[in-house]
Every structure is written in C-alpha cells, then in structure tokens.
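Here is a chain to read residue by residue.

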Amino acid sequence: MKRDSQVFEILQKEADRQKYGIELIASENFVSQQVLEAMGSVMTNKYAEGYPGKRYYGGCQFVDETEQLAIERLKELFGAEWVNVQPHSGAQANMAVFLTLLNPGDTFMGLDLSHGGHLSHGSPVNSSGILYNPVAYEVDEETGTVNYDKMEEIAQREKPKLILAGASAYSRDWDYKRMREIADKIGAFLMADIAHPAGLIACGLLNDPLKYCHVVTSTTHKTLRGPRGGIIMMGQDFDNPFGKTTPKGVIRKMSSLFDSGVFPGIQGGPLEHVIAAKAVAFGEALSKDYKNYIKQVKKNAEVMAEAFTDKGYNVISGGTDNHLMLIDLRNKFPDLTGRKVENTLVLADITVNKNMVPFDSRSPFQTSGLRVGTPAITTRGLKEEHMPAIVDFIDKVISDIDNEELIEKVKKEVNEMMGAFPMFAE
C-alpha cells in the first residue's frame, strides 16, 4: 500500500513543533514511547462492547486482559474500590455520571465557567447545561479562591441534587471534606472532576477526593501523562438510593449503575487500543520515577508563578498549589487581550491558551487572561532554574507585542533551548 505522504508530512511538522517549542498548555503533556506504541497497536482492530467477561462479541479474551490490567492498576494508583476505564474523554465521564445521578431538569451546582470551571460543568452550550439545570458558585473577587461559605448559602437556597468540585483553570487545592458536609446537609451527591490535578492527587501532593466524594471523574492525558481519555472512580461502592434492582430483585450497587451509564448509556464499543495505552500509563504512574516527576511539576509551577509575580503580573489567588496558574493581564497590559497574546506567543513557538479570569470584562473569545501549566515542560526535563527564563521569553514578547524582529529573535532562542531536551526525558 502506498504511504500517505500528505498525512505523514503534516505529522512530521507537528512533531517538530512539539520538539522545538515550549508547551505550556496546562491540559497537555507528552507520553512515553510505550504509550504511543500501545495506542497504535492491533487493539485498534477489536470491537468489544460490554465489560471484561461480559462482552457482546467473540474474540475478546485479550482485550479483556488489558482492560482488567488497566482497572487493577488504576485502583492501586488511587486506592479506589471501583473504577471504569472506558470513557472516551473526561467530558463523557462527566456525562455518564450525570446520566446516572440526575434526571433531565434536575439542578446541580458547579464552579462558574468564567471563574475557572469547565465546559462540561454546566455551560449552556454543553449537554450538562442543556439537559440539566446548573447553578454556579464562584471564587472570591479579593482572594481568587473558592468561597465555601457562599457555596453553602447557594446550596441551601437552590437544593442541587449534585454538587461538583473541580475546574479547568483553578490553581488551589479543594476542601472536599467541607464540600461533603455541605452536600450531606441538603442530601446531595458530591462529585469531583480531577482531570487537571489527578497526578498530584495520586501521589499524595493534594487532598484526596475519594475519601469524601461519592464519585470522581478524570481525564488520563494531563498530569497523569497517558493517552487522551477519561475514567470514573469510587473510593467505596454503595447501594444505590434509587431503588433500582437486578432481575432477581437485589439492590444494584452504584458501580453497576455507573457502568451502565457509560455503556450502553452514552457509548458503544470502548477504544481498546486507548485502554491498553491507559494501562501502560497507569503502570508508569505507579513508579518512583513518576512520583519524582510529579513533585517537579509542582515545584516548577510554584517557581514560574513567582517569576510572573516578580515581573508584575497578577497571578490569580497569588500563586498555585498544583500544576497551573491563571494570569490576569489587565493590571499590566490593560489594552491586550488573551487572544492577542496567545496568537503572538505561537509565533515565538511558545504555546499557552487564552482564558477568562474571574469577573472578566471581556468575552470568552477575547479574554483578559492566560492559563499556563508545567506538566509538559517537566516531562521534557526542565527544572526550577529554567522557569525564570521561560517567563522572561513570554514577558519580552508581550511587552513589545508587535515587534516582529523581537518575536523572531525569541523564537530562535526558544528553539535552541528546547532542542537540547528530549520529548520524554525519562
């Protein structure tokens, strides 16, 4: 068969972009060669609706083995009693939980999108906002952190059936214990979406949501450094409160309901090549090398946040507890939008993403802020001493944003710097 040169030439250009650029998007990372190999394996040829030992197709004995291995490794990684590794993405993991716990029109509560929340936590253009009734809590304008007292006031007033902890642009840890107390007062379920800080939680660097939340979702491709996909977990299984039973009249456990929420609820056949790659990534995450890596991610983020602050940037909440930071540009560059900065930094081979900031005065398409994270550059071997230099590159471009000669000069310096680091340092 003739090789498709058009596609593979594009892939090579993308490989060069990744190799010679500085990747600071908080939701991106670089996987190991063995994760890539599993993703491109023969498992992509197999259709396997159902779960290990309970498939709707023959010939599933080996995909059963890899999926069960992924399940057992994930349980060990988070200390979970039950997990589901089939969701195609974090958003679909969230959708499966909503489908299981909520009826259309039910009220749930999550962090406001413009305050750092996620599209799948109640945005009116997402299924979570179309099918259900979202109410939002916010961060405090002065501190930039979640105000749990106000959260409780909203919960008491709105009586949501589900309270959601988690965000896509929030740099502080979560008080899951306090949120469980709020949920218990009104008889709500508590859910955590740990898509961003999952790796830090797995290594004990942040609070553990599985101790307090009824259910936890995550992606596998951010700090977990695996293939693109989703997972659902419970620290402890429990009887469902809906009175749903098996054909023999036995009360079904929540694990059974969540499994049904994924398949056949929102998905058909799972992506078994991705699940094989998840199994590889979970195995890597159980290693000492990974624990050292994730500690470095946190150190790098702390130093980077300090470097931005030293240059006069407003880092929301004053710093970070995890792998990312949210920067409000308005105090230093009131006329610049996040969109303009993002697009210009790309010309210098520095990749960030524009992001709304709390109480933003601009639209989601323009924004007043940037979201910056350290997982990908840490995978490549960068340490604390490299963070001020990266911030200096960014500041040079932003401070003279229309200077094409300067941008080209910074790009060459970036390419020279990153060319010395492998894509996957370990």
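Q: How many Å does α3 reach from its first C-alpha to its last?
A: This is a predicted model, in which local features need pLDDT of at least 70 and side-chain atom pairs count only at pLDDT 80 or more, while totals for chains, interfaces and linings use all residues. Residues are numbered from 1 along each chain as its sequence is written, and side-chain values use heavy atoms, with hydrogens and water left out. Helices (H or I, at least four residues) and strands (E, at least two) are DSSP runs numbered from the N terminus, and the expected span of a helix is 1.5 Å times one less than its number of residues. With 18 residues, α3 is expected to span 26 Å, and its reach is close to that, at 26 Å.

Q: With the side chain of which residue does the side chain of D64 make a polar contact?
A: Contact means heavy atoms within 4.5 Å, and beyond its neighbours within four places in sequence D64 is in contact with Y51, P52, G53 and R55. A polar contact is a pair of N or O atoms within 3.5 Å; within protein, one must be able to donate a hydrogen and the other to accept it, and residues adjacent in sequence count only if both atoms are side-chain atoms. At 2.7 Å, the side-chain partner of D64 is R55.

Q: Which residue just after α3 takes a positive phi?
A: The helix α3 runs over residues 61–78. The residue just after α3 has a phi of about 65 degrees, and this residue is G79.

Q: Why are the buried residues of α15 on the same side?
A: The buried residues of α15 are L406, I407, V410, V414, M417 and M418. An α-helix has 3.6 residues a turn, so residues three or four places apart point the same way.

Q: At the start of α15, a side-chain oxygen of which residue reaches to the backbone nitrogen of E405?
A: Helix α15 covers residues 404–418. The oxygen comes to within 3.2 Å of the backbone nitrogen of E405, and it belongs to N403.

Q: Why is the ring pair of F98 and Y132 called edge-to-face?
A: Rings of Phe, Tyr and Trp (its six-membered ring) pair if their centres lie within 6.5 Å; planes under 30 degrees apart count as stacked, over 60 as edge-to-face and the rest as tilted. By this rule there are 11 aromatic pairs. The centres of the F98 and Y132 rings are 5.8 Å apart, and the pair is edge-to-face because the planes are at 65 degrees.

Q: How many residues apart in sequence are the parts that the pair of F98 and Y132 ties together?
A: Both F98 and Y132 are buried, and ring pairs link F98, F108 and Y132 into a cluster. F98 lies in helix α4 (90–101) and Y132 in the loop between α5 (127–131) and β6 (133–137), so the pair ties together parts whose separation in sequence is 34 residues.

Q: The charged end of which residue sits over the ring of Y293?
A: A charge sits over a ring if NZ of Lys or CZ of Arg is within 6 Å of the ring centre and within 35 degrees of the ring normal. The charged end of R3 sits over the ring of F8, 3.8 Å from its centre. Over the ring of Y293, at 3.9 Å from its centre, sits the charged end of R225.

Q: Is T367 buried or exposed?
A: T367 is found in the loop between β14 (353–355) and β15 (369–373). Its phi is positive, about 65 degrees, although T367 is not a glycine. At 1% relative accessibility, T367 counts as buried.

Methods:
Buried means under 20% relative accessible area, exposed over 50%, partly exposed in between (1.4 Å probe, protein chains only).
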